Amino acid sequence: MAHKMRRPRRRRAFLPFAAVFVLLVLAGSFLLHYFPAPIFSADTTIHFIDVGQGDCTLFLSEGQAVLIDAGPAEMGERVVSYLASQGVTRLRAVIATHPHADHIGSMSTILAAFPVDTFYTTGAVHTTRTYENLLHMVEAQGVSVLVPTPGERLELDSGAFFHFLSPPQNASYDNLNNTSIVCMFEANGTRVLMMGDAEVPVEQDLLDSGADIRCHIIRLGHHGSATSSGLDFLKATYAHTAIISCGADNDYGHPHQQTLVNLNAAVIRDVRSTEKGTIVITLPKAKENAA
C-alpha cells in the first residue's frame, strides 16, 4: 500500500519583514543623524543676537524662522552657528532693513548656509560692493525678492505676522538710515516694533500718518543714537521694554545719554542692550496675554 507523501510545510516569510523593519530603523537613524529635527518649541521667541556694533534679530514661531538683518561681515559664522543651534534649517524670510554694512554685511553668508523663501529689501539705491554682492547671492540662490510697502504683511503659519510700516513708496529721504524697513511683529497679542536705523524724521512721519505704533517691546532705531528715539515717539508707543543693539565699548557712544533720558521720561524702565550678550525673549501665549 502506497503511502501519500506529505508536502513539506512552507515556512512563513518572517525574515523579509524583519529585514524591512531593520532597514527602516536604520534609515530613520541615518536621517535623524544627518538631518536632525528642528528643536523649535510651541513658543514664539525673539533673539536679539549679539553681533557687536550691528543689528541681527531672529524670530522663531512654531517651526518657522525669520531673520531681520545679519550684522557685519565678520559675524557671519557666529550668526550661522547661532541659527543652527536653535534648530533653524530654513528661513521663511530674511529682511534687510537697509544696505549699511553693519546690518547686511554677513547676509550673503546666511543665504549660502540656509535656504530662504523670501528676501525683503528697501527700495533704496546703494552701490557698495557689500550690497551688490548680497544682491548677486540672492539672484544666484533664486530667492523671491519683495520691496514691502506700508500696510503689507508677512504672515507665518502660527498666526504671528509682520506688519510693514515704512518706508512709503517713492520715499525721498536723503539719509539712507531713514529708508530702513520699519515693521511691527505681532504674536498672540504681543507687539514688537522693529525700527531698523530709522531716525526722528521717520518717527515723525509715522506719528503724522496715524500708524498704530503701540507696542510692548521696541527695538530702538539706530543703536540708541541721539538721532532716533524722540520723546514724543517713545511716549506714543506705550512700550514697557526697549532693546538696544550695539557693541560693548563702541566708538559711537551708543546708547547716547539723550536716548536714555528720553526712555526714562517716556516711562520705559526695562532697557536692555546686546552689549552684554544675546537677549532672548519668549512671548507669552494668548491666554497669558488675556489675563
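**Terms and the values behind them**

Analyst: Asp117 counts as partly exposed, because its relative accessibility is 28%, and the term covers what lies between buried (under 20% relative accessible area) and exposed (over 50%), with a 1.4 Å probe and protein chains only. The model is a predicted one, in which local features need pLDDT of at least 70 and side-chain atom pairs count only at pLDDT 80 or more, while totals for chains, interfaces and linings use all residues. Residues are numbered from 1 along each chain as its sequence is written, and side-chain values use heavy atoms, with hydrogens and water left out.

User: What makes the contact between Asp117 and Arg90 a salt bridge?

Analyst: The term asks for a side-chain nitrogen of Lys or Arg within 4 Å of a carboxyl oxygen of Asp or Glu, and the side chains of Asp117 and Arg90 meet at 2.8 Å, N to O, so the pair qualifies. Helices (H or I, at least four residues) and strands (E, at least two) are DSSP runs, numbered from the N terminus. By the salt-bridge rule the count comes to eight.

User: Why is the pair of Phe59 and Phe162 called edge-to-face?

Analyst: Rings of Phe, Tyr and Trp (its six-membered ring) pair if their centres lie within 6.5 Å, and planes under 30 degrees apart count as stacked, over 60 as edge-to-face and the rest as tilted. For Phe59 and Phe162 the centres are 5.0 Å apart and the planes stand at 80 degrees, so the pair is edge-to-face. The pair links strand E2 (residues 57-61), which holds Phe59, with strand E8 (residues 161-166), which holds Phe162, 103 residues apart.

User: How do you know whether Phe59 is buried or exposed?

Analyst: Phe59 counts as buried because its relative accessibility is 1%, and Phe162 is likewise buried, with a relative accessible area of 0%. Phe59, Phe162 and Phe185 form one aromatic cluster.
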